[in-house]
Amino acid sequence: MFRHMRALTFMAALAFTGAAASGQNQAIHVLAFHSLHVEQDHMDFAMQAIPFFEEMAKRDHFDFKATSNWDDMNPMVLKQFQVVLWLDDTPSTPAQRAAFEYYMEHGGAWLGFHIAGYMDSRKTWPWFADFLGTIFYGNSWPPLPAALTIDDPSHPVMKGLPATLTSPANEWYSWRPNPRYSPNIKVLMTVAASNYPLGFKDTLAGGDIPVTWTNSKYKMIYTNMGHGNKIFTNPQQNLFFENALLWLIGRQE
């Protein structure tokens with residue numbers, strides 16, 4: 001009898017372990033949106049981002065797809081994916097925007113690069129202004145490298161990164177209001193004061209300019225990097241990109 005009970009207990013333990021492992025190894029599906037008829041520097045970034053994340057998907061065992069059809073931003077498609085990326089554009093129709101709102105309000109995750117945060121009027125999309133915690137205000141030009149400071153070294157997305165990293169040449173945005181002071185926004189990286197003045201034709205003269213942040217109401221990260229064909233030339237920054245996606249997937253705690 002005792003042998004029988006031990007056998008049942010062992011089988012139950014195996015079943016529980018198997019179920020837990022199955023949950024941990026549940027297939028993750030990531031969808032990256034990009035466009036083919038936007039500014040060349042933004043397309044250049046997307047064309048390098050896609051193979052970067054394809055290789056990451058092989059290493060980290062998830063499914064990665066890219067599409068240039070923004071009408072795939074609909075509930076039937078989005079429900080198949082745990083994370084959505086915007087590489088070089090944003091939704092342009094009310095239906096696409098409504099689908100994204102529903103997706104994020106119901107547990108979806110988002111990683112947005114550079115132009116994904118460009119919106120210079122709250123009236124364009126009020127929900128997104130609250131989601132991002134700010135709107136675009138200005139930019140530097142031409143694209144230049146910049147030293148970035150890590151605001152929260154303990155955050156999982158910052159794992160393995162130095163206190164300051166030099167980001168490759170990029171067009172840097174400024175924001176109004178400062179997202180740091182918006183409810184639920186946690187800033188992760190900021191333009192270092194040592195960069196100012198940043199730019200020649202268009203100059204960021206100074207101030208507190210966040211580069212990367214998350215809104216704690218959602219599973220999301222916005223980062224300002226994503227302009228041109230040099231973004232993936234810094235291994236430390238590449239590690240940040242990988243950390244960010246793993247955190248959104250739920251594999252970086």
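Let me start at Thr 134: apart from neighbours within four places in sequence, Thr 134 is in contact with Ala 129, Trp 175, Arg 176, Pro 177, Pro 179 and Trp 213, where contact means heavy atoms within 4.5 Å. Before going on, this is a predicted model, in which local features need pLDDT of at least 70 and side-chain atom pairs count only at pLDDT 80 or more, while totals for chains, interfaces and linings use all residues. Residues are numbered from 1 along each chain as its sequence is written, and side-chain values use heavy atoms, with hydrogens and water left out.

Thr 134 sits in the loop between helix 5 and strand 5 (135-139). Helices (H or I, at least four residues) and strands (E, at least two) are DSSP runs, numbered from the N terminus. Is Thr 134 buried or exposed? Thr 134 counts as buried because its relative accessibility is 3%. Buried means under 20% relative accessible area, exposed over 50%, and partly exposed in between, with a 1.4 Å probe and protein chains only. The side chain of Thr 134 reaches the backbone oxygen of Pro 177 at 2.5 Å, and a polar atom of that side chain lies 3.4 Å from the backbone nitrogen of Arg 176.

Now helix 4. Helix 4 (residues 94-105) has 12 residues. Its buried residues are Gln 96, Arg 97, Ala 99, Phe 100, Tyr 103 and Met 104. They cover an arc of only 160° around the axis, so they are on the same side of helix 4; the arc is that of the directions from the helix axis to the C-beta atoms. The face turned away from the buried side carries the exposed residues Pro 94, Ala 95 and Tyr 102. Among the elements covering the buried residues of helix 4 are helix 3 (75-78), strand 3 (83-86) and strand 11 (219-223). After helix 4 comes Gly 107, with a positive phi near 100°.

In soluble globular proteins, nonpolar side chains tend to be buried together.

Last, the backbone. Which kind of peptide bond runs from Trp 141 to Pro 142? That bond is cis, with omega near 0°. The bond from Tyr 196 to Pro 197 is cis, with omega near -5°.

Technical notes. Expected span 1.5 Å × (residues − 1). Polar contact = N/O pair within 3.5 Å; in protein donor to acceptor, adjacent residues only side chain to side chain.
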